[in-house]
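Morning, everyone. I have one model to walk through today.

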Amino acid sequence: MRVWTINLYKWKRRLPFMMAFLAAAVVLSVAVIRTGDVTTTAAENAVKQQQAAYYQVKTDEKVVALTFDWSYGTKVAQPVLDILKERNIKCTFFISGPAALKYPEISKRIAEEGHEVASHGHEHVDFNKLPKEKIKENILNAHKNIKEATGKEPNFIRCPNGAWKGGDVLKAANEVGYTVIQWDTDSLDWFKDRTPEQIAQQVLKNVHPGDIILMHASDVTDRTPKALPMVLEGLEKQGYKIVTVSELLKYGPGTTD
Ligand SMILES: [Zn+2]
C-alpha cells in the first residue's frame, strides 16, 4: 500500500513533464510530416531531365503535330490563323517573347482559337552559346510576355534557330519547367526560292507517324499561307490527323530519331 502511494505520488509529480514531452512529440511529428510533405512535393515537381530535344513522337498511328514559329508581323500569321480556323485544326505556335506583346491581337487569337501556346524564346539568339543563367533569363522573359499576351503559361520551347545542342540549353530549359521541342520534317518555307507547291511537297513526301512538322508564321515566310491549304489537304488525303504537340505526346514518348 505504501509502495503504491509512493509510486502514484511519483507519477503525479512526473505528469507535467510527461505532458510537456507529449506536447513536444506532437509538435515534432507535425514538423516531420510537414517537412516530409515539402520533400515529396519537391520530388514530384522536380523536372525530369530531358536527355535530348524531341524531334518526333514514337507511335504507329497516323497522327502528327503541325507547328509554327512566329516571331514577327501579322501578314502571314493572320491568313494562317484564318485557314486553320476555317478547317478547325489546332496547331502549336512557338511565339517569341517580344512578338507576343507587339502583336496582341494575333497572340490573343492563337490562344482563343484553341491553338497550343508555346515559346520561341525572347531574343532570337543561339541559346547554346549563352551561359545557363542567361538562357533561363531569356526563357523566363519570354514566358512573362507570352503569359501577359495570351493568358497561357507555355512549357514547350523551340530554341531560336533550333540551337539546343551543346552548352546548358536542355538543363536550363528543364530547370525552368520547359521541354525543348524540335521538328523532324522541315517544310523549308523559310527558303527564299521555294514555291508554295514545293513547300507542300516537302512536307507531304517526308511526313510519317508521330512527326513534328515545322512551318513559320512570320512575315518573312510569305509563301506559307499559300502552301498551308495544300499541306492540310495532302495530310488529310494520306490519312493523317493533325494535333498539337502536347496531344501528340499522348500517343507515345518524345524521341530524337
Ligand atoms: Zn525562329
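How many residues does helix α5 have, and how far does α5 reach from its first C-alpha to its last? Helix α5, residues 132–150, has 19 residues and reaches 27 Å. That is close to the 27 Å expected at 1.5 Å a residue, taking 1.5 Å times one less than the number of residues. Helices here are DSSP runs of H or I with at least four residues, and strands are runs of E with at least two, numbered from the N terminus.

Some ground rules. This is a predicted model: local features need pLDDT of at least 70, side-chain atom pairs count only at pLDDT 80 or more, and totals for chains, interfaces and linings use all residues. Residues are numbered from 1 along each chain as its sequence is written.

Back to α5. Its buried residues include Ile 135, Ile 139, His 143 and Ile 146. Buried means 20 or more other C-beta atoms within 10 Å of the residue's own, exposed means 12 or fewer, and partly exposed is in between, with C-beta atoms placed from the backbone. The buried residues of α5 pack against several elements, among them β3 (92–95), α3 (97–102) and α6 (169–175). Contact means C-beta atoms, placed from the backbone, within 7 Å. After α5 comes Gly 151, with a positive phi near 80°.

Now two asparagines. Most residues other than glycine have a negative phi. Asn 88 has a positive phi, near 55°. Asn 88 sits in the loop between α2 and β3 and is exposed, with 8 other C-beta atoms within 10 Å. Asn 161 also has a positive phi, about 60°. Asn 161 lies in the loop between β5 and α6.

Terms used
Contact = placed C-beta atoms within 7 Å.
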